[in-house]
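Student: I would like to go through this structure feature by feature. Please give the general idea each time, and then the case here.

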Amino acid sequence: MAEFHRKLERNAIGFVLAIVVVASIGGFVEIAPLFTIDETVEDVPDMRVYTPLELAGRNIYIREGCYACHSQMIRTLRDEVERYGPYSLAVESKYDHPMLWGSKRTGPDLARIGGKYSDAWHVAHLTNPRDVVVESVMPKYGWLNRNTQRTDDLGDHLLAQRRVGVPYTDEMIANATNDAYGQTAPDSEFATGVAERYGEATQIRSFDADATRVTEMDALVAYLQILGHLTDAAYKQAAMAGEAAK
Amino acid sequence: MDVGDRDPVTGQLTTGHEWNGITELYTPVPRIVFFFLFVTILFSIVYWVLMPAWPLGWTYTKGILGFDQKAVVQSQLAEAGAEQSAWTSRIDGMDYAAIQADPELMKIVHEAGATLFGDNCAVCHGTGGTGGKGFPDLTAGAWLWGGEPEAIAETLRVGINAPHEETRVSQMLSFGRDGILVRDQIDDVVGYVQSLGPSAAAAHDEEALARGAEVFAGNCAACHGEDAKGNRDLGAPNLTDASWIYGGDRQSITSTVYSGHQGLMPSWEQRLTPTQRKILTLYVLGLSGETQ
């Protein structure tokens with residue numbers, strides 16, 4: 001054994017390969033088997049996918065680094081459940097590629113921010129947080145109001161998501177650009193298609209009060225307003241657990 | 001040279017390695033390090049047996065203690081609920097006036113209410129409840145839907161223009177943008193509305209005021225009332241007080257009349273329990289200094 005090791009550590013390539021083999025044993029034994037376990041992700045048939053506009057908003061959320069200060073993961077701790085609502089379920093980030101659970105909270109958790117405040121508040125707050133929350137340390141994102149949201153490439157974004165397992169249909173991909181516009185324009189001919197493809201519960205309205213065009217603000221607010229509402233499985237489970245506790 | 005060779009100067013063993021004639025003294029890892037290494041290995045083996053640990057491809061080892069953080073948090077919540085039930089049951093069972101008459105309960109309401117208000121309401125209405133442009137001042141006593149505890153509790157439950165099924169609905173029409181009123185009429189009616197408030201400017205063009213009053217009677221009185229004191233059934237604000245949600249200067253009122261408003265108060269039925277909403281109702285009433 002000692003002789004073998006003596007030879008191995010004198011052979012640079014061989015030694016590197018040996019390190020790689022030993023280090024990957026941990027991964028194979030501890031990580032790989034997790035991928036095939038089904039029971040860790042709840043089975044929720046009504047889980048819906050992000051609309052093209054919400055996906056665009058999600059991309060802005062990533063681009064602006066919101067995840068650096070905001071988490072999207074309510075942990076199974078009493079204080080978090082009491083403040084933010086039912087703890088996050090694995091299925092709720094099933095279609096998040098990449099997931100945005102985050103690791104740090106300079107600002108509050110956003111996993112259930114959807115519907116908690118009005119669109120007008122989100123727009124005012126993103127434009128200048130100090131206008132509505134005097135003590136806030138969040139930066140301003142006023143340019144989102146001015147930037148027109150690029151929608152012509154949203155079909156490609158949907159396609160990329162489908163490649164990693166999100167069940168977007170060909171129809172959704174083909175209509176992505178129109179659907180992004182339709183979601184912000186309830187009176188337009190494109191709005192009905194959004195509801196058909198993504199469900200009646202889809203929030204269709206002008207999120208930034210400027211109905212004439214799709215801005216990045218529209219996209220980001222649409223995304224924020226859907227957070228925690230892709231499925232109500234967490235609320236159902238919490239209600240059931242509450243009943244059981246009584 | 002090889003392991004076991006001694007350094008001629010110090011007499012200590014060397015590692016046996018040699019780089020261009022230079023050798024290295026053999027200083028082994030202290031035994032205590034190995035001791036703790038074995039202790040940690042032993043600990044992890046015990047932990048694997050007791051706690052959820054190993055993925056097996058189709059399931060995972062659950063551990064003989066059956067530990068599940070989801071169950072832990074559920075029992076913590078139930079425990080906390082049981083501890084609080086001493087006062088939550090009293091709040092649930094008493095009506096608003098009785099709670100307000102009980103200083104001990106009101107102290108609890110104030111403490112619990114401050115936390116609930118901070119977590120849920122303060123971002124729009126402000127930490128002190130004083131609101132801001134577009135977000136009503138809760139300390140002013142200028143209630144849109146009524147200042148009775150029941151009315152406030154209902155607003156908290158269903159919201160205003162919210163996605164709730166029974167939501168309160170209210171809308172200020174876009175009189176200018178939708179072509180209901182022309183520019184001169186808007187100017188006149190804004191002047192008239194400004195003249196109603198307590199801080200009305202002294203000098204007025206009487207003729208314009210009369211025209212404004214006419215426009216008001218024809219377009220605004222249906223919701224805001226003949227006397228402009230508002231209508232709490234419709235959530236139409238009183239225009240004769242000093243309280244303005246979207247600003248009381250000429251520019252703001254003009255913009256309100258021109259493009260309208262439809263503010264949104266979220267519904268809290270899903271997020272907050274009836275007890276929490278009751279506490280918030282009392283807390284909000286406390287902000288406005290009203291004790292009913």
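Tutor: Start with overall extent. The radius of gyration is taken over C-alpha atoms, and the globule rule is 2.2 Å times the number of residues to the power 0.38. For a compact globule of 292 residues the radius would be near 19 Å, but chain B has 35 Å. The C-alpha trace of chain B spans about 115 × 55 × 40 Å along its principal axes.

Student: What does the globule rule give for chain A?

Tutor: A compact globule of 246 residues would have a radius of gyration near 18 Å, and chain A has 22 Å. Its C-alpha atoms fill a box of roughly 80 × 50 × 40 Å along the principal axes.

Student: Where do these coordinates and labels come from?

Tutor: The model is predicted: local features need pLDDT of at least 70, side-chain atom pairs count only at pLDDT 80 or more, and totals for chains, interfaces and linings use all residues. Residues are numbered from 1 along each chain as its sequence is written, and chains are lettered from A and ligands numbered from 1 in the order in which they are written.

Student: How many helices and strands are there in chain B?

Tutor: Helices (H or I, at least four residues) and strands (E, at least two) are DSSP runs, numbered from the N terminus. Chain B has nine helices and two strands, in the order β-β-α-α-α-α-α-α-α-α-α from the N terminus on. Chain A comes to 13 helices and zero strands.

Student: Into which domains is chain B divided?

Tutor: Domain bounds come from an automatic or database domain assignment. In chain B they give domain 1 (1–67), domain 2 (85–162 + 266–287) and domain 3 (183–259). Taken over C-alpha atoms, the centres of domain 1 and domain 2 of chain B are separated by 61 Å. Chain A is divided into domain 1 (2–36) and domain 2 (52–245), with 43 Å between the centres of these two domains, again over C-alpha atoms.

Student: Domain 2 of chain B is written as two segments, 85–162 + 266–287. Which residues does Ile152(B) touch, not counting those up to four places away in sequence?

Tutor: Two residues are in contact if their C-beta atoms, placed from the backbone, lie within 7 Å. Ile152(B), in helix H5 (residues 149–158) of chain B, touches Thr281(B), Val284(B) and Leu285(B), leaving aside residues up to four places away in sequence. Ile152(B) and Leu280(B) are 128 residues apart in sequence and 9.2 Å apart in space, C-alpha to C-alpha.

Student: Is Ile152(B) buried or exposed?

Tutor: A residue is buried if 20 or more other C-beta atoms lie within 10 Å of its own, exposed if 12 or fewer, and partly exposed in between, with C-beta atoms placed from the backbone. Ile152(B) counts as buried because it has 23 C-beta neighbours inside 10 Å. Of the 292 residues of chain B, 24% count as buried; of the 246 residues of chain A, 35% do.

Student: Why is helix H12 of chain A described as largely enclosed by the rest of the structure?

Tutor: In helix H12 (residues 216–226) of chain A, 11 of the 11 residues are buried, so the helix is largely enclosed by the rest of the structure. The buried residues include Glu216(A), Asp218(A) and Gln225(A). The cover over them includes helix H3 (52–63), helix H5 (119–127), helix H7 (143–146) and H10 of chain A. Just after H12(A), Gly228(A) takes a positive phi of about 85°.

Student: H10 is part of that cover. How is a pair of packed helices described?

Tutor: Two packed helices are described by the angle between their axes and the distance between the axes. Axes are lines fitted to C-alpha atoms, for helices over the stretch in contact, and angles run from 0 to 180 degrees between N-to-C directions. The axes of helix H8 (residues 154–163) and helix H10 (residues 176–184) of chain A come within 7 Å and cross at roughly 110°. H8(A) and H10(A) are therefore roughly perpendicular to each other (under 35 degrees counts as roughly parallel, over 145 as roughly antiparallel, 65 to 115 as roughly perpendicular and the rest as oblique).

Student: Which residues of H8(A) and H10(A) meet?

Tutor: Leu154(A), Gly155(A) and Leu158(A) of H8(A) meet Ala176(A), Thr177(A) and Ala180(A) of H10(A). By class, this contact has four nonpolar, two polar and no charged residues. Here Ala, Val, Leu, Ile, Met, Phe, Trp, Tyr, Cys and Pro count as nonpolar, Asp, Glu, Lys and Arg as charged, and the others, Gly among them, as polar.

Student: How many residues does the contact take from chain B and from chain A?

Tutor: The contact takes 25 residues from chain B and 25 residues from chain A. On the side of chain B that touches chain A, helix H2 (69–93) and helix H4 (103–125) of chain B each supply at least two residues. H2(B) gives the most to that side, with eight residues. By class, the side has 13 nonpolar, nine polar and three charged residues.
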